[in-house]
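Hi,

Here is the model I said I'd pass on.

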Amino acid sequence: MQFKFSCPHCGSRLEADASYSGSLAECPGCDSSVLVPEPRIGPGSTIGGHRLERLIGRGGMGEVYLATQLAMQRQVAVKVLPPSLTRDETFVGRFLIEVRTAAKLEHPNIVTAFDAGEDAGIYYLAMGFVDGETLKETLTRDGPLPQNTVLDIGLKLAKALGYAWENFGILHRDIKPANVMRDRFGEIKLMDMGVAKIVGEDTGLTLTGVALGTPNYMSPEQVRGLQGVDCRADIYSLGCTLFHLLTGHQPYPGANPLQVMDQHVHAPIPSLRAENPAVSRECEQLVHRMMAKDPAARPRDWRETAAQIEAARGHLPSAGMPRPAPSPGWTWKRWTVVGAAGFLVLLLLASAAGRKRARERAAAAAGEAGAAGAAAVPAQEVPRLMNVLEDVAEMVLDRKLSEAQESWQRTRGDFVPLLPEGRIGEIDRTIAAIADFPGHTMRSFEGEVGREITVRLK
């Protein structure tokens, strides 16, 4: 391990290997003899092949630095267990559990571990650096998040936690906004598996009566220090996290951690909609199920949790506005008919502007046919053609699409002699397209199934 320190005589910045601690070295700046101090972790130190650049966070399990992995020349995050804790075998044991746990996980929504070990008595974990901010920082800046954003975050976390639970039996045990990051591309990353426990692994670190986790998001069974805790404890914590993201504050206030923990066990679940009326009833019911005091009343596992989140995503009111009641009679079918009626605009214009020309063509045709001794089409039939087309238009506007098509089919043969060759076919195709317009619309929607579409409203 390499670390930096200052010469007490001239202030020059010196660098030494941890193996020289306690020995004398010569300062190149003033030629004085300098006692090499104990290793100090900080920017400029190199630990396990990682040069620490700057401190980016602190937690119960140590400090986190932005660092450069020298062998790969890439940015990583390095968590370092403070030297003051290395004398405590319990803390060291928990840290090594974090290393083994994080190394097993490969998921797009879980921060990836690259390297871990011990260097000159300093324990470290190198993991992917997330260029972004925690959801706690987002809440501090912006306040409560929109419901659809929160449910999207919840779904990704549920799938990530389900992956860890189903494949490795791993619980997170400390889900909270401060442990969830959103990178600069908007992707969600779950951090800090530091208090995760592999269920069934006899670590001796989570004894009955000893609670691990953060009080503001801790399940009742964690508060009580019960054994046999399973994924439903993490489901409870995720429910508390969703509550926080939707309201801007934790579910249970308290002057101290004991008061908060007592409320998790005994206090009723607060109303989400009372705090944020823009939250749908389905979303509130989802969060309440996840935060049920009795684990048996919560979703059974992460698959069920993800399914319920997806169901709640289908009930999204407009942000900050009550959902208006649908107008009677204006169903999707009527809206598609309004679009379909546009097809008739050309027909109606043709019937109005071309009425005179049609009479003249009919009269001319009648005269020519008469001269040839053939049966002529009476000129008085021309207004009837226009009336038929107008009736078809009225049926379309009244949403009687099938009736409109049938009406035209019953009378079309009467007008073949009145129209130029091909015009009947044009009318046939137009009216058939109008009759199929709802089906055409639905088929176009079916082609978009599975695609996520963002709509910006003004």
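Phenylalanine 185 sits in the loop that links strand 13 to strand 14 (188–190). In this predicted model, phenylalanine 185 counts as exposed, because its relative accessibility is 66% and the cut-off for exposed is over 50%.

For the overall picture, the protein has 16 helices and 15 strands. It runs to 458 residues, and 42% of them count as buried. If you take the contacts with a separation of 6 or more, 57% are between residues 24 or more positions apart.

Now the helix pairs. Helix 3 (residues 147–168) and helix 5 (residues 231–247) have axes that come within 10 Å and cross at roughly 160 degrees. That angle is over 145, so helix 3 and helix 5 are roughly antiparallel to each other. The crossing of helix 3 and helix 5 is right-handed. On the helix 3 side, the residues that meet helix 5 are Gln147, Val150, Ile153, Gly154, Leu157, Ala158, Leu161 and Trp165. Helix 5 puts in Cys231, Asp234, Leu238, Leu242, Leu245 and Leu246. Sorted by class, the contact of helix 3 with helix 5 has eleven nonpolar residues, two polar and one charged.

The other pair I looked at is helix 14 (residues 401–411) with helix 15 (residues 423–435), which pack at an angle of about 160 degrees with their axes 9 Å apart. Again the angle is over 145, so helix 14 is roughly antiparallel to helix 15. Here, the crossing is left-handed. Helix 14 makes the contact through Leu401, Ala404, Gln405, Trp408 and Gln409. From helix 15 come Ile424, Ile427, Asp428, Ile431, Ala432, Ile434 and Ala435. By class, that contact of helix 14 with helix 15 comes to nine nonpolar, two polar and one charged residues.

Next, backbone angles. Most residues other than glycine have a negative phi. Aspartate 31 has a positive one, about 60 degrees, although it is not a glycine. You'll find aspartate 31 in the loop between strand 3 (24–26) and strand 4 (33–35). Its relative accessible area is 57%, over the 50% cut-off, so aspartate 31 is exposed. Arginine 173 is not a glycine either, and its phi is positive at about 70 degrees. Arginine 173 is placed in the loop between strand 12 (170–171) and strand 13 (180–183). Is arginine 173 buried or exposed? With a relative accessible area of 11%, which is under 20%, arginine 173 is buried.

On to the cysteines. How many disulfides are there? The count comes to zero. Cysteine 27 is in no disulfide, and the nearest cysteine sulfur, which belongs to cysteine 10, is 3.6 Å away. Cysteine 27 has a relative accessible area of 0%, so it is buried. Cysteine 240 is buried too, also with a relative accessible area of 0%.

Threonine 138 belongs to helix 2 (residues 135–142). Its relative accessible area is 0%, so threonine 138 is buried. What is threonine 138 in contact with, leaving aside its neighbours within four places in sequence? The partners are Glu133, Gly143, Leu145 and Arg182.

Arginine 13 is part of strand 2 (residues 13–17). It has a relative accessible area of 55%, so arginine 13 is exposed. With neighbours within four places in sequence left aside, arginine 13 is in contact with Lys4, Phe5 and Ser6. The C-alpha atoms of arginine 13 and glycine 29 are separated by 9.0 Å, and the two residues are 16 apart along the chain.

Cheers

Methods: Residues are numbered from 1 along each chain as its sequence is written. This is a predicted model: local features need pLDDT of at least 70, side-chain atom pairs count only at pLDDT 80 or more; totals for chains, interfaces and linings use all residues. Side-chain values use heavy atoms; hydrogens and water are left out. Helices (H or I, at least four residues) and strands (E, at least two) are DSSP runs, numbered from the N terminus. Buried means under 20% relative accessible area, exposed over 50%, partly exposed in between (1.4 Å probe, protein chains only). Contact means heavy atoms within 4.5 Å. Axes are lines fitted to C-alpha atoms, for helices over the stretch in contact, and angles run from 0 to 180 degrees between N-to-C directions. Angles under 35 degrees count as roughly parallel, over 145 as roughly antiparallel, 65 to 115 as roughly perpendicular and the rest as oblique. A crossing is left-handed if the near helix is turned anticlockwise from the far one by less than a right angle, and right-handed if clockwise. Ala, Val, Leu, Ile, Met, Phe, Trp, Tyr, Cys and Pro count as nonpolar, Asp, Glu, Lys and Arg as charged, and the others, Gly among them, as polar. A disulfide is a pair of cysteine sulfur atoms within 2.5 Å.
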